[in-house]
Amino acid sequence: MILPDIKSPYIRVKNGNMTVSNVKKYLMVKIGGVFENEDEVEIWLGHEPLSSSLTLQNVIDWWVQITPLPKRQSAMVGDSAADFVMVLHYSFKSECSASGSGSGSGSE
């Protein structure tokens with residue numbers, strides 16, 4: 001089953017203490033009816049699933065560490081935020097089902 005994309009795939013987060021669990025709950029509301037509970041949702045950064053207990057600040061710190069230096073950019077006032085977006089993907093958590101995926105993203 002292919003999961004639907006979110007109409008507005010960006011989440012602006014002002015509090016880095018928000019957990020991945022909160023992102024899962026947000027996702028469940030946005031694509032309503034696909035997941036019965038947040039334990040069925042897997043959020044991914046690259047090829048790694050994220051623990052529900054991680055804060056988004058932890059995820060951002062990890063994202064910066066795994067991003068190769070040539071891909072890192074310095075931000076200047078007035079730059080487009082599109083170059084500074086952390087892309088997260090979602091899928092069914094079940095390992096036995098074919099996991100379709102959509103994507104959502106957020107930036108700090």
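User: How do β2 and β3 pair, parallel or antiparallel?
Analyst: Antiparallel, over two bridges. This is a predicted model. Strand β3 covers residues 48-49.

User: Which residue in β3 is the bridge partner of W44?
Analyst: P49.

User: And what links the two strands?
Analyst: β2 and β3 form a hairpin with two residues between them. G46 sits in the turn and has a positive phi of about 65°.

User: What about β2 and β4, how many bridges there?
Analyst: Four bridges join β2, residues 41-45, to β4. The two strands run antiparallel.

User: Which residues face each other?
Analyst: Among the pairs, V41 has F92 in β4 as its bridge partner. E42 stands opposite S91 in β4.

User: Is β4 mostly buried or exposed?
Analyst: Buried. Strand β4 spans residues 86-92, and five of its seven residues are buried, so β4 is largely enclosed by the rest of the structure. β2 is mostly covered too, with four of its five residues buried.

User: Zooming out. What's the overall layout?
Analyst: The chain has two helices and five strands. Along the sequence the pattern is β-α-β-β-α-β-β.

User: How much of the chain is buried?
Analyst: Buried residues make up 32% of the 108 residues.

User: And the surface?
Analyst: The accessible surface comes to about 7,200 Å². Carbon and sulfur atoms account for 54% of that surface.

User: Which residues of α1 are buried?
Analyst: V20, S21, V23, K24, L27 and M28. They cover an arc of only 155° around the axis, which puts them on the same side of α1.

User: Why does that spacing work in a helix?
Analyst: An α-helix has 3.6 residues a turn, so residues three or four places apart point the same way.

User: What covers the buried residues of α1?
Analyst: The cover includes β1, β2, α2 and β4. β1 is residues 10-12.

User: What does S21 touch?
Analyst: E38 and S52, not counting residues up to four places away in sequence. The side chains of E38 and S21 are joined by a polar contact of 2.6 Å.

User: Where does E38 sit?
Analyst: In the loop between α1 and β2.

User: Buried or exposed?
Analyst: E38 is buried, with a relative accessible area of 17%.

User: What else is E38 in contact with?
Analyst: Besides S21, the contacts of E38 are K24, K25, M28 and S52, leaving aside neighbours within four places in sequence.

Conventions: Residues numbered from 1 in each chain as written. Predicted model: local features only at pLDDT ≥ 70, side-chain atom pairs only at ≥ 80, totals over all residues. Heavy atoms only, no water. Buried < 20%, exposed > 50% of the residue type's maximum accessible area, 1.4 Å probe, protein only. Areas by Shrake-Rupley, 256 points an atom, 1.4 Å probe, with all protein chains shown as cover. Pairing = 2+ DSSP bridges. Contact = heavy atoms within 4.5 Å. Arc of directions from axis to C-beta. Polar contact = N/O pair within 3.5 Å; in protein donor to acceptor, adjacent residues only side chain to side chain.
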